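User: Can you walk me through this one? I'll ask as I go.

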Amino acid sequence: MNSSNSRSSAARWLSTFCAVAAFALTSPGAMAQNPMRGGSLSIGLENDLPGLDPLVFASFNEKQAGFTVYDTLLDIDEKGKLVPKLAVRFESAPDATWFKLTLRPGVMFHDDTPCDAAAVVAHFNRLMDPKLRYRWAADLAGIAKIEATGPLEVTITMKAPSAQFPAVLADVSGMVVSPTAVKKYGENYLANPVGTGPFVFKEWRRGSHIVFTRNTQYWKGPVHLEEVVLRAMPDTETRMASLKAGDLDIVMNAPAKDVIEARGAKKLTVLDAGSLGSTFVMINMSQPDVSDLRVRQALAHAIDRDTLNKVVNKGLAKVATTPFGSGLAPHEQVEGYPKYDPAKAKQLLAQYGKPVKLKFSSSNAPLSLLAAQAIQQMWKKVGVESEIVPYDSVQLVRTAGLREYQVMGYRWQGGIDPDRNVYIFFHSKGTANRTGYSNPEMDKLLDAGRATTDPAQRLSIYRQVNNLLARDLPYLFLGYFNNISLANPAVKGLVPIADGIIRPGEVWKAR
Amino acid sequence: MSSAFLRRLQVQVVTLLVILLAATALTFIITNVLPGDAAVAILGDNATPADIASLRTELGLDRNVVVRYVDWLSHALRGDLGKSYRTRENIATMIGDRLPVTLELILLTQLIALAFAVPAGILAAYRSRTKVDSALATVSIGLLSMPAFVKGILLIYLMSVLLGWFPASGFKSLSDGLGANLHSLALPAMTLALAEFPVYMRLLRADMISTLQQDYILVARAKGLSVREILLGHALRPSSLSLVTVVGINLGRLVGGAVIIETLFALPGIGQMLVNAVYQHDQFVIQGVVLVIATGFVLINLLVDLMYALIDPRVRISG
């Protein structure tokens, strides 16, 4: 293997890290006030968790708990760049077929097990055990071999070029669990998490709250907060009322109307973290009518996305034309995405010549239904009839996976690497290709995106992917997700990170 | 104890078993008819159809629904309610943790509702067809016609956001102290009580008015007893038969109300547990909660029957 090349790529990584560190030190927020020690931070979650083990982590709620008790191997910064966390050094082969991680020395899990190469290897082997049915197993499917090549050095060999892989280490898969605790608790590890993170698990009252206390031995230095409480509060109105009454410090994914109100009243801090993914109308390419490109173009031209954004999101979301949210901003460039043009839509439908009647599957969540109804009316204006078929969230996922739909309102919260937003969905062999879209040109681009670690080259590849998607239209993009949290103004040190998760290790409370 | 009473007890027990069988079987079939299942809920967005099929096999979801029900029933009869698909918790433990929260909520609700309804009902009966009576009637209708979640949100905004008297949500267990515990349950119990209070008050008022027209009340008056002695000592007990029935039956109905209120106030009771289980297609959890609620419902009815005997001697004799 070409080692001189890999060294230079490592050097590039390191210089990026240093630049980021320097930026963080001189940022005005950090200079303005010294963090105060102590206090309890309560965060309102939409639901109680299935468990506190990365094996079962799925939504924002679980990831929030994950970033409280665990550390990821890498992290992302405000600009969406990968930065070191448990791994201080990261090398990749120029063709992205292997990666080498150097771990931070002296880091201990909360049970005093050292977080070394053996622990990291054990962690990945556990996640890759098919019997345990890890929810993000697809992220690790490309690994051929993972081994400890030194006490603090882990080498990961891939089956094929995988430039997208490092980003996985900043997500759920990178949350390293204590191998001792996994052995000790067995199946009950779900309720007894042990990580290296800024907070130590203390207590879980099921259906109500989870308490974490400060990790006094944290490798990064003193943790400001005394404790973090994650509270399960299914009702949105109650979450907002609790925030206003001072019973809660942070509401994640706040509803648009409350964000607008908070911006006006200026009594709450608004943290707009941007996002990684998008919402869209997904098209089953094998279904009648929509298999014809002219019909898909007409449907795209008929949707007035600015109005839709105003109706559904009070204008807060950004209209989308690509699969890449603001956290992947450089990739958000496209030529030829169909603009709102009802006359053009009618013209295309006339060329198609047959009446178009659609079954429009949608989530039954109020805002999703509202969006579906608005789109239904927009389509009706150009002469397309559609019937909305509502599903609960589990049924919607099932219907999508089995391709038992014609067109469907759907969403993808997005990944940190652009590949995560396109490969599995648009590659003809993609594991989550729910549209049946198949285009050799697209396959070639997506494979090429995995085969190079050169950022400039990848940028150009994903822009071509955007252009191809705009031409073939398996998805009609609607808006980019927006992860907006509202917080009690006493909460300081909040950093907007595009995955929408609060990093509680940095947070402190003013008194 | 009389043989008539024992016979009634036998009938009740048989009824209990029939109802439990019917309720659990029906729930099993309904959750089974819903498209999508626990396998999809567990694996989520990223799973391939093959992953889902293999998990279905592992969980036994690919077996016939009757086979699965009989399997569940035979375990349940031995006291094994199974494990949650989602959290892998033992369901009996889950219910054990959460049932006390719901029971406490319901008990507090009834206490608050009765504490207001009994005096108000007596007052409305004694002063029937006066301004007091019609004012109470107006309030009742207003409270009855407002759905629980609206009352809940209004109470939250008034009592916690504006006045800051009670926490807007969340639960403190008895281990945090009785005061903190009651404080955390006050708003949800009041919300539920606001729907029960008017019913109880109107019921007591109606029965009380007819009691007050009885001859023995006239005799009592003639003997010169005070209004207080007549109302509380002579009229209240015979007037409270319907009230006791309804309070009892409502215990069961309130579990339904708790589903909404526990979700609204983020209380870790069996109502919220049931809602989550339905969303997650966590079938055994749904079964377990339905079993508990159905058992509770039937037992309460039995208890109400027994209470009659205490209040009304005629029931004891005639059986």
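User: Which strand is A:Ser278 in?
Analyst: A:Ser278 belongs to strand E13 of chain A, residues 278–283. Helices (H or I, at least four residues) and strands (E, at least two) are DSSP runs, numbered from the N terminus. This is a predicted model: local features need pLDDT of at least 70, side-chain atom pairs count only at pLDDT 80 or more, and totals for chains, interfaces and linings use all residues. Residues are numbered from 1 along each chain as its sequence is written, chains are lettered from A and ligands numbered from 1 in the order in which they are written, and side-chain values use heavy atoms, with hydrogens and water left out.

User: Is A:Ser278 buried or exposed?
Analyst: A:Ser278 counts as buried because its relative accessibility is 3%. Buried means under 20% relative accessible area, exposed over 50%, and partly exposed in between (1.4 Å probe, protein chains only).

User: What is A:Ser278 in contact with?
Analyst: Leaving aside neighbours within four places in sequence, the contacts of A:Ser278 include A:Arg411, A:Trp412, A:Phe477 and A:Tyr480. Contact means heavy atoms within 4.5 Å.

User: Sheets next. What is the strand order in the open sheet of seven strands?
Analyst: The order is E8-E9-E10-E1-E11-E19-E12 in chain A, with mixed pairing. Its edge strands are E8 (199–205) and E12 (269–272) of chain A, each pairing on one side only. Two strands pair if DSSP finds at least two bridges between them.

User: In what sense do E1 and E11 of chain A pair?
Analyst: Strand E1 (residues 40–45) and strand E11 (residues 250–251) of chain A pair in the parallel sense, over two bridges. A:Gly44 has A:Val251 in E11(A) as its bridge partner.

User: Switching to the interface. How much area is buried between chain A and chain B?
Analyst: About 3600 Å², of which carbon and sulfur atoms give 50%. Buried area is the accessible area (1.4 Å probe) that two parts lose on being put together, summed over both. The contact takes 40 residues from chain A and 45 residues from chain B.

User: How many salt bridges are there between chain A and chain B?
Analyst: The count is three. B:Glu89 forms a salt bridge with A:Arg206, with the closest N and O atoms 3.1 Å apart. A salt bridge is a side-chain nitrogen of Lys or Arg within 4 Å of a carboxyl oxygen of Asp or Glu.

User: And how many over all chains?
Analyst: By this rule, 29 salt bridges. Among them, A:Asp417 pairs with A:Arg458, the closest N and O atoms being 2.9 Å apart. That pair links distant parts of the chain, 41 residues apart: A:Asp417 is in the loop between strand E17 (407–412) and helix H14 (419–426), and A:Arg458 is in helix H16 (residues 455–472) of chain A. A:Asp417 is buried at 9% relative accessibility, and A:Arg458 is buried with a relative accessible area of 9%.

User: Which residue does B:Glu196 form a salt bridge with?
Analyst: B:Arg253, with the closest N and O atoms 2.9 Å apart. B:Glu196 lies in helix H8 (residues 178–212) and B:Arg253 in helix H11 (residues 241–264) of chain B, so the pair ties together parts 57 residues apart in sequence. B:Glu196 is buried at 3% relative accessibility, whereas B:Arg253 is partly exposed at 46%.

User: Backbone now. What is the phi of A:Ala96?
Analyst: A:Ala96 has a positive phi of about 60 degrees, although it is not a glycine. Most residues other than glycine have a negative phi. A:Ala96 is in the loop between strand E4 (87–92) and strand E5 (98–103) of chain A, and is buried, with a relative accessible area of 0%.
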